[in-house]
Amino acid sequence: MPVRSDASGTFNRLTGSASPEAAALARRAQELGLPVRAAEISDSPLLRGADTALSKVPGMGYGGIDAAKQAALNGQIAGLMGENGTKITPALMQSAKTRLGQTFDRIEKNTWVRQDNEFAGDLQTIFRDASEALDANQLGKLQKVFRGIQGKFDPATSEMEGSAYQNLTRKGSPLDLMQGGDDSSLSHFAGRLKTALTGAFERSAPDDLAAELRQARNQYRVMKVVEPLVQDTGGSIDPAAFRAAVAKATDGMAYGRGGDLADLARVAQAFGPREGGGATASRDTLGMAAKIAALTGGAATTAAGLKSVAPALTAAAAGYAVPSLGSAAAGFAGGRIASQVLRSPALTNRLIDQALGTGQAGPVNRLLGAASRSAPETVAPLYLRVQPAANDDSKGNRLAEFLASRTPQRAGMLP
């Protein structure tokens, strides 16, 4: 059944729209387990203002949102380090460090580093650039470190034992000390030398260890990025600090690069947990909540408004009675309804799908289709004009088809 354009237009004006960029990032946040509310991506001042006001009122259902976001963020960071947990504690960091250290030791001991053509080309480029940038004294120091590396390769096979590679790159080695030294020019070329040596090692790893090595290196990188952000208590990673740390450690993040770690950092900044909320509710705030509940639905009653924008609650709304909007009790009741609307995943997904041109009809939309025959003015705004998915034998679909086949009842009655 086609939707009423006037109702749909009213709903769209109230909820606003999302940019494709915000919608895509919100979809990525959902994939990473971070809940996103419609107000966080909508351009509607009404929707954003209502969400902000209600989030400061105790009992509106916002209390667990930041905790859920924080747990999801912590869990994703732990997962990128190869660990499990919803708190990034010193104990979890030590677990990751120990496990990764053991992995690197095992792989390095079973790998012979080949002095291949790519490594030779890297060295040629490094020393060509160094001869132009360094003075004689600096160049002599760099060559001394290189001779120490070169001496570890067997002249007959052009290969180096894994244990020798470990010693050359370990903390406190001449190469490591030069890279971390006060001379920034020498530090730069020592870093390039280490990168070339590490590249040769990675190319030399046996096939059955190469994938494991890449994974361990990615996990180690995440661990080092997070390391300065870990607190002794609490176990929560601050989203803004995490975004800044990832950006500092990631080349090209401003251009959309950086992989899963950069994606998580972008999501954390945009949709991560925020401080605040839970402020004492005033009579004025509760009165605003009641008005918001009525406006959100754009209908004559708050219950009808709930039907319009929170289809999952449609059945319960039929018997819901709201006192006069002039009372604080009515404000609280209206605020509860409005908060459920604003926190509804269906509303968020609708904005995302509109912006990205995605989505398909699910049980919610088919339920709305059935209900629209009895009360189109209350449910039409959320009834997306898309066809049901074929061959859907889920429980939700069977329930929707059952309800759709029933004789329509007059408005206000359960289907």
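This briefing covers three residues, Arg106, Ser44 and Ser158, in a predicted model. Local features need pLDDT of at least 70 and side-chain atom pairs count only at pLDDT 80 or more, while totals for chains, interfaces and linings use all residues. Residues are numbered from 1 along each chain as its sequence is written, and side-chain values use heavy atoms, with hydrogens and water left out.

**Arg106**

- Helix H5 (residues 90-109) contains Arg106; helices (H or I, at least four residues) and strands (E, at least two) are DSSP runs, numbered from the N terminus.
- Arg106 has a relative accessible area of 36%, so it is partly exposed (buried is under 20%, exposed over 50%, partly exposed in between, with a 1.4 Å probe and protein chains only).
- Apart from neighbours within four places in sequence, Arg106 contacts Leu209 and Glu212 (contact: heavy atoms within 4.5 Å).
- The side chains of Arg106 and Glu212 form a polar contact at 2.3 Å (a pair of N or O atoms within 3.5 Å; within protein, one must be able to donate a hydrogen and the other to accept it, and residues adjacent in sequence count only if both atoms are side-chain atoms).
- Gly162 lies 56 residues from Arg106 along the chain, and their C-alpha atoms are 9.5 Å apart.

**Loop serines**

- Ser44 sits in the loop between helix H2 (20-31) and helix H3 (45-55).
- Ser44 is buried because its relative accessibility is 4%.
- The backbone nitrogen of Leu47 is reached by the side chain of Ser44 at 3.1 Å.
- Ser158 is in the loop between helix H7 (136-150) and strand S2 (159-160), and is partly exposed at 30% relative accessible area.
- Although not a glycine, Ser158 has a positive phi of about 60°.
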